[in-house]
Amino acid sequence: MYQGILGHGGRRYAWWAAFLIVTSFAVYWTQAASEPPSGGTWQGYGLGGLGVLLILWLSWLGIRKRSYRRASGTLRGWVSAHVYLGLTLPVIATLHCAFQFGLNIHTLAYALMMAVILSGAYGLYVYLRFPNRLVANREDQSRDDLLAELDSLDQTALDAAGQCDDGVYGAVCSALEMSTVGGSFMDQLLARDRSRARLPERGLVDNAQQRAVIDHLVERIPDTSRGGEAENLRALLRVFGRRAELLKRLRRELSLELRLKLWLVFHVPLTFALLAALIAHVVAVFFYW
Amino acid sequence: MADFHIAVLGAGPAGLSAAARAAEYDRENAASQPTHVLLEGTAAHANTIQRYQKGKHVMDEPGYLDLRSPMDFEAGTREVILDDWAQGLKAIGVNMRTGATVNRIEGTRGNFTIHLAGGETVTAEHVILSIGTQGNPRRLGVAGDDSAFVQYQLDDPDEYADEDILVVGAGDAAIENALGLTRQNRVTIVNRKNEFSRAKQGNLDGILAAINDPATPLTCRYQSQVKALQLPTAAGQAGSVILDTPDGEETLPCHRIIARLGSIPPRGFLEDCGIALPNASAEALPELDGQYQCNVAGLHVIGALAGYPLIKQAMNQGQDVVDFIHGKAVKPVEHPLLQVKFGLLPYEADVDEVLALYQQRVPMFARMNALAFRELILESDILYAVDGRAAYTGLEKQARTLRAQRLDDIEHSRRNEDRKRHETGMKPKQWRDIEEPALTGILRAGEAVYRHGEYSTTFYTIVEGEVTLKSPGGPETRLQPGQFFGEMSLLSGRPRLGDAVVAPDTILIATPRRTMLKLMAANGEVATGIETVFLQRTLQQCFAPSLSYTALRDIARRVETRHFNRGEVIYEQGDSGDCLYLIRSGTVALTYRENGRSIAVGHPQSGELFGQLALMGDAVRRETARAAVRVEVIAIKRAEFLELLKRSPDSVPALQADTRDQLLHASRMESVPEASDVISFLLGRGLGEATDALVIDENLCVGCDNCEIACAETHNGISRLNRKAGARFAHINLPIACRHCEQPHCMKECPPNAIHRKPSGEVFIDDSCIGCGNCETNCPYDVIRMEYQAPPKPGLLQWLLTGRGHGPGEDAKAQPSKKAKAAGKKAVKCDACKDRKAGPACVQACPTGAAVRLSPADFADLVEDL
Ligand SMILES: Cc1cc2nc3c(=O)[nH]c(=O)nc-3n(C[C@H](O)[C@H](O)[C@H](O)COP(=O)(O)OP(=O)(O)OC[C@H]3O[C@@H](n4cnc5c(N)ncnc54)[C@H](O)[C@@H]3O)c2cc1C
Ligand code: HEM
Ligand code: SF4
Ligand code: SF4
C-alpha cells in the first residue's frame, strides 16, 4: 500500500545512480594514460558537464515541487531520484576535478556543493527517522485532544487547589500560569522546559518537568491536618504528573516538527549560493583558463 | 357562504405567487371585496427566505425553467428579493394577514374551515397549502414560551451585549448560537442529556473547550430542562428561568432565552388535516393529482411541501394552481421542455400523447398521478438507440436543427417579455445565459448505457425495444418494454454489476437517483415494485446466477429486509443463528471477543454474505456483527437457503470457496491484532461506506502540508482537506476530506441537485450550488466547507522572484472580492481531482508517499503492510 522515498519504484533510481558512478569511474580511468587527469581534459569536461546538469536538475526540484498542475510523475518519484542521483554528485565532482583543490572559486563551488549534499543527507535522515518518533510521541492522541486534556487537567487542578490552603493554591496557580511550551528558538529546538513556579517561602523557582510543585506537594502530604486535604493534594499530584508528561510530549512534538523543516533552511539557500558559485566557476574556466 | 373563494396558507414563494394570481383575478373581475386571503404564521412574508443569512445571494435555479408568476423573481440578494415581493404584494393588492398561524384545516371543497392559533376561524371554498417543509420551531412547552422573552431564532449574536442569556438545546444551532453569544454576553447552555452527542465534531470540540475554559463566560447545565418561566416585568429587565436539574430545582435570572430545539416536521399537521401520506417516514410528502390536489377534494398542496424544493418551481405552481381552480386549462411552463425532450423520437404525437403512452406502457408507472409522471420525465433523460451510421448521423443533424429552433424560441419570448415590461414601465429583467436545451439523447445500437464497475445510479425504464444485461459469469438477461434495470446500484450505491446493452430502436427513460428516491418515498407502489425486482436480482446474483431472476419471485417474497443504524448489533457472539445475511447496502463490522479483547475479523460490504456458517454446520455465532454504517440486510432463513441451493446446485462450490476465504481472512486477522485495531479504528470512523478516502501513513508523513497546498492550488485556492485535524490512530491519520461515500449523504437534500457522481466514482458539486448549506449539515464527516471564491494569487515565478503575495496554498487571511461576496458562499469539497489525468493532486504532491487513497477493499493490503 505505502511506499517511501527510498523504496520508490523498486529502487529504480538507485540503479541509475550506480550506473552513473560506474560510468564516471570508467571515463575517469580512460584519461590516466594520455595526460594527467584534470578538469581540463575532454573527460574532465564531460564529467563537469554532467555535474552541472545534475546540479541544475536537482535544483529544479524546488520548482517541480510547486508545479501542482504538472501531470507527470509523483513528487515521491522525483524526490527518490533527487536523493539517489544527488548522492552520486560527490563522486562525479571529485573525479571531475581529479582531486585538485585549492583556495579558489573552483574549490568554493565544490565546498558549497558538498554542503548542500550534506544538508540533504541530513534531511533525508530526518525524513526517514522523525515521522516514526512523532507517531510514538503522540500516543494515539491528536494535538487537539492533548490540548483539551491539558485544559481539563488545569481545571481539575484549580478545583482541587481551591479546597486547599492559600499556600498550595498560590503554588498551583503559579505553576499553571508559568508552565511554558516553546519559548525562544533554541528552547523550541531543544525542547527545553523553562517552566517556573512561585512556592511559599522559596519564591520563584525552576519548575522543569513540574518537579518543584510535585516535590512541594509531596512534602505537604504527610503533615496535613484538615479532613480531605490529603485527598486533594494527592489528586493534585496526579494532575501534575500527567501534566508534566503531556507538556513534555508537546515540547518534543514541536521540536521534532521544527527539525523536520529546519534543515531546508540550509539546503535551499546553500543551493542558491552553489548556483552562484557554479556560474562563477564556469565563467572563470572558459574566460581565464 | 364562505368568507373567501381561495385561502392560501403560508406566504412563502409558492403562497405569494398563488395569492398574487388570485388578486389578479379579483382585479380582472372587479371584485368589491377580495375573494382570496393569504394567511402567514409569522410577522412578515416568506419566513424561510427571511431566515436566510443576511445578504445571502439567492439563486434562480433551475436555469432551464422560465418563471411564470405575477410576482417578480430573479437571482439577487435576499434583501432585494424580499423587498421586491413586499412591493409586489402591495402593487397587486394581495389580501395578506400576518401573525395568522394555521393549526388545522377541516372540511372539503366549497366548505373549508381554517382554525388559527388563538381560536379564530376562517372559511374558504378552496385551500392552497404552501407552508413549506421548514416546519415550525419546537417550543419550550411551558407557559410564556410564546412571549418575547423566548426567541426561537438568532440572526446576529453580536446584537446583544452584556446580557445573561440562556440557550436551550444541544444541536449545532444551539451550540453555534451559544458560542457566538459568549463574545459579548454571559451564557448558560441547557442540555437535556449528559453529552452533546448530536453535534458535529467541530461544534462539539468548540463547546467542550468553551465549557472547560474558565475565561469563556459560558457554563453548561447537563441533564436539565426548563420547568417554568418568570417573565420580565418590563422590557429590558431580566426575568428568570426555573430549571429541573439532577440536583433539584434551580432558578437562573436572565435577560432572554434562545431555544434551539429543532423543528417539528409538518407531518403531524398534515395528518391532522386528514391528508393521506404514502408511508411512515417523517419526510413523507402527500400524493397529488395533476392539479396539485391531495386526497381531500379542493385542498391543493404546492411548493416545497409538494416536493418541489426551489423558489422558481414553487412560484410557477402558485400561479398554475390558481388558474386550475379558476377552471383554466393551462399548459405547464415545462411544455416546450418536453417537446424538445421528445423531439427526436420517431412519433407524430404531441407531448401529452407520448406521456400517456409511456405511462401506460410501464406497469409500475401506470397508476401514478399524471403530474408526478410528468415531473419524472422532466427530470429524466429520454434515450433513443438507432442502428446504422446513416440513421445516427441523420438524428445528429436533426438534433442541431431542433436545438437552434429552441434557442430561437427562447430569445424570441425574452424579447417579447422585455417589450411588455418596457411598455408597462416595469424594471427590465436581467436574463441569465440560456441553458443548453435537453434534447432526446441518441445512442448507437449495441452500445452499453453503463458498464461493469462504473459508478452510476441512474435508473432505466424501457418503453420500446430491448436491453440485454450481461453480468460477468452469469447468463444474459433480455428485458422488454415495461421492464426496468439499474435498481441494484440505485439502492446499494455500489458500482454496476455487468453491462447493459441496447438493441436497435430502443427507447429508454433514464431517471437520476434523486428523482427515483423522491418517487419511491412518495409512492408506495413504485417502491415495492422496485424492491421486489431488486431482491430477485440480488438473490440471483448471489445464489443462482444460472437461473432467470423471475424464477426467484416466490423466494424473494419470503425473505426479509432489515435495517440497522450505525453501531447497532445484528447478532451477538454466542447467539444461536437461524439465518444468513446478504448485505443490501452498507458495511458490517465482524468482531470476535476473546480474553476481553475484541478483534476485527471482517468487514463484508454490500453484495456480500455473512453469518452463513449458521446454515452451513455451525449453529452458534462465533463473532458479533454490527452495522459499521447504516446498513440494510436481507435475512435468509434455512428453508429458503436450502431451496436456493436446490434450484441452483452449481453455485454451492463458489459459496463454499467464499466462506473458506472469509474464515481464512478472519484467522489471519486474529494473528495480527495491530492490523485488526487499525481496521476497527477505520470502520469506527465511518470508512465502511467510503469508496475513496485519503489515508496518511504517519510513519512517512513529514508534515510538509504539500498535500493541502496542492489541493488548494488545483482547486481555486481553497483546500478541501485538513490534515492536522484528522483523526489519528497508531500510525494512521484520517484527514478531514471527502470519502466519496457509497450513498453520499450530502446529495440528499440539495435543492438544485448540484451534487453528482462520475462513473469513475468521484462525488462532486457543480456550479449550480445555491449555497444553502444543506450538504454541509448532512455530511456526517464534516468535509464540506461553505466558502467565498478566493481572490486570484500571483504566479509561482512572480512569488519566487518578488516574494510578494501569498505563496502556493490556501491563504487563510484572503479577503473575498466584492464580486465574490455578491455571489455568496458556495459549498466546496474534495472532488478527488476528477478531471486530472494524474489523479488526486494530494497523492501526487506528497514527497514521501505518505498520502494514499483507498477504499475498504484495500484494507487487506493495509494489513499486509503492518
Ligand atoms: C438556507 C437555504 C437557502 C436556500 N437557497 C435557495 C436559493 O438560493 N434558491 C432557491 O431557489 N431556493 C433556495 N432554497 C430553497 C427555498 O427556500 C425553498 O424551496 C422555498 O422557500 C420553498 O417555498 P415554499 O413557499 O414552498 O415554502 P416556504 O418558503 O418554506 O414558505 C412557507 C411559509 O409558510 C409559513 N407557515 C409555515 N407553517 C405555517 C402555518 N402553520 N400557518 C401559517 N403559515 C405557516 C412560513 O412562515 C413561511 O412563510 C434555500 C433553502 C434554504 C433553507
Ligand atoms: C547539489 C545537490 C543538491 C541540490 C542543488 C539540491 C537542491 C534541492 C532543492 C532546490 C530542493 C527543494 C527544496 C524546497 O523547495 O523545499 C531540495 C529538496 C530536497 N533535497 Fe536536495 N539538493 C541536492 C542534493 C541532495 C541530496 C544529496 C539529498 C539527499 C541525500 C537531498 C535531499 C533532499 C530532500 C529530502 C529534499 C526535500 C524534498 C521535499 O521536501 O519536497 N538533496 N533539494
Ligand atoms: S461530502 Fe460527506 S457525505 Fe458527501 S460523499 Fe463526501 S464524505 Fe460522503
Ligand atoms: S504531503 Fe505527504 S508528507 Fe507532506 S503533509 Fe501531506 S501526507 Fe504528510
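**Figure 1. Salt bridge between Glu698(B) and Arg138(A) in the predicted model.** In this predicted model, the side chains of Glu698(B) and Arg138(A) form a salt bridge, with an N to O distance of 2.1 Å. The count of salt bridges between chain B and chain A is one. Polar contacts across the interface of the two chains amount to 10 residue pairs, with both residues at pLDDT 80 or more.

**Figure 2. The side of chain B that touches chain A.** Chain B contributes 40 residues to the contact and chain A contributes 29 residues. About 3,000 Å² is buried between chain B and chain A, and carbon and sulfur atoms give 59% of this area. On the side of chain B that touches chain A, two or more residues come from each of strand S37 (693-697), helix H20 (706-714), strand S38 (722-729), helix H22 (796-802), helix H24 (841-845), strand S44 (851-854) and helix H25 (859-865) of chain B. H20(B) gives the most, with five residues. By residue class, this side of chain B comprises 22 nonpolar, 10 polar and eight charged residues.

Figure 3. Arg76(A) is located in helix H3 of chain A. Its relative accessibility is 16%, so Arg76(A) counts as buried, the cut-off being under 20%. The side chain of Arg76(A) reaches the backbone oxygen of Gln3(A) at 3.0 Å. Apart from neighbours within four places in sequence, the contacts of Arg76(A) in chain A are Gln3(A), Gly4(A), Ile5(A) and His8(A). Arg76(A) is also in contact with Cys846(B), Pro847(B), Thr848(B) and Gly849(B) of chain B.

**Figure 4. The site of ligand 2.** Around ligand 2 there are 24 residues, of which Lys65(A), Arg66(A), His82(A), Tyr127(A) and His267(A) come nearest. The site is shared between chains, because residues from chains A and B surround ligand 2. Polar side-chain atoms lie at 3.0 Å from an oxygen atom of ligand 2 for Lys65(A), at 2.9 Å for Arg66(A) and at 2.6 Å for Tyr127(A). Two or more residues of the shell are given by each of helix H2 (42-64), helix H3 (75-86), helix H5 (105-138) and helix H11 (264-288) of chain A. The shell around ligand 2 consists of 15 nonpolar, seven polar and two charged residues.

Figure 5. With a relative accessibility of 17%, Val285(A) counts as buried. Once neighbours within four places in sequence are set aside, Val285(A) is in contact with Tyr45(A) and His106(A). Val285(A) and His106(A) are 179 residues apart along the chain, and their C-alpha atoms are separated by 8.8 Å.

**Figure 6. The site of ligand 1.** A polar side-chain atom of Thr48(B) lies 2.5 Å from an oxygen atom of ligand 1.

Terms used:
Residues numbered from 1 in each chain as written. Chains lettered and ligands numbered in written order. Predicted model: local features only at pLDDT ≥ 70, side-chain atom pairs only at ≥ 80, totals over all residues. Heavy atoms only, no water. Contact = heavy atoms within 4.5 Å. Buried area = accessible area lost by both parts, 1.4 Å probe. Salt bridge = Lys/Arg side-chain N within 4 Å of Asp/Glu carboxyl O. Polar contact = N/O pair within 3.5 Å; in protein donor to acceptor, adjacent residues only side chain to side chain. Helix = DSSP H or I, 4+ residues; strand = E, 2+ residues; numbered from the N terminus. Nonpolar A, V, L, I, M, F, W, Y, C, P; charged D, E, K, R; others polar. Near = heavy atom within 4 Å. Buried < 20%, exposed > 50% of the residue type's maximum accessible area, 1.4 Å probe, protein only.
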